Amino acid sequence: MNLYFAQFKRGYAYTSVYLLRDRTDEAGNQSFGFFRPDYSPRKAATYLHNVTTILADEGTVATSGTLDYTIADQPPTVHDLLLRRSDGTFQLVVWDERLNDQDQVTVRLGATATSISIYDPTVGTDPVRTVKNTTSLDLLLSDHPIVIEISSAR
């Protein structure tokens with residue numbers, strides 16, 4: 001997931017993955033696919049499905065809009081990407097590129113958000129936490145993205 005977000009943030013229009021399903025005709029490539037030879041999903045396939053489900057939006061954004069936010073003391077391994085849904089809701093994707101350990105960060109908003117839903121694609125497609133009427137959010141990040149859905153920052 002980190003790869004796709006990093007490439008999108010850099011402006012890449014396309015990012016390709018070579019093996020969707022494990023190879024069975026070539027030694028050494030039996031465990032790199034998103035799916036096993038029997039087409040059962042590996043964790044990577046499930047996580048990618050979850051994050052695209054969380055971000056899915058059938059509509060079109062009329063205006064890009066802005067969200068006033070900062071990530072205090074942002075370590076060099078922590079990255080963020082602001083997206084906006086067609087209904088005006090912002091989705092802030094924050095990810096860490098740590099292989100080991102975790103980073104604690106605080107996302108500070110310039111205005112009070114009436115509702116914030118936090119999604120972890122490694123857990124599922126439902127929010128893992130919801131916060132109401134706040135201007136800051138503490139996050140513990142490791143090796144995958146968290147999607148923060150921010151409604152009505154006013």
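Arg98 is partly exposed, with a relative accessible area of 28%, where partly exposed denotes the range between buried (under 20% relative accessible area) and exposed (over 50%), computed with a 1.4 Å probe on protein chains only. The side chain of Arg98 meets that of Asp103 in a salt bridge, 2.8 Å from N to O, and Asp103 is buried at 9% relative accessible area. A salt bridge is taken here as a side-chain nitrogen of Lys or Arg within 4 Å of a carboxyl oxygen of Asp or Glu.

The model is predicted, so that local features need pLDDT of at least 70 and side-chain atom pairs count only at pLDDT 80 or more, while totals for chains, interfaces and linings use all residues. Residues are numbered from 1 along each chain as its sequence is written, and side-chain values use heavy atoms, with hydrogens and water left out.

Read along the sequence, the chain follows the pattern α-α-β-β-β-β-β-β, in which helices (H or I, at least four residues) and strands (E, at least two) are DSSP runs numbered from the N terminus. Of the 154 residues in the chain, 38% are buried.

A search of the whole structure finds three salt bridges, listed below.

| Pair | N to O distance | Relative accessible area |
|---|---|---|
| Arg42 and Asp22 | 2.3 Å | Arg42 21%; Asp22 0% |
| Arg23 and Asp25 | 2.8 Å | Asp25 59% |
| Asp103 and Arg98 | 2.8 Å | Asp103 9%; Arg98 28% |

In the salt bridge between Arg42 and Asp22, the closest N and O atoms are 2.3 Å apart. Both residues lie in the loop between α1 (2-9) and α2 (43-55), so the pair ties together parts that are 20 residues apart in sequence. Arg42 is partly exposed, whereas Asp22 counts as buried; in the pair of Arg23 and Asp25, Asp25 is exposed.

Asp80, placed in strand β2 (residues 78-84), is buried yet has no salt bridge, and the nearest side chain of opposite charge, Lys9, is 4.0 Å away. The side chain of Asp80 does make a polar contact of 3.2 Å with that of Gln74, a polar contact being a pair of N or O atoms within 3.5 Å of which, within protein, one must be able to donate a hydrogen and the other to accept it, with residues adjacent in sequence counted only if both atoms are side-chain atoms. Leaving aside residues up to four places away in sequence, Asp80 touches several residues, including Lys9, Tyr69, Leu92 and Trp95, where contact means heavy atoms within 4.5 Å.

Definitions and conventions: Lys and Arg count as positive and Asp and Glu as negative; His and the chain ends are not counted.
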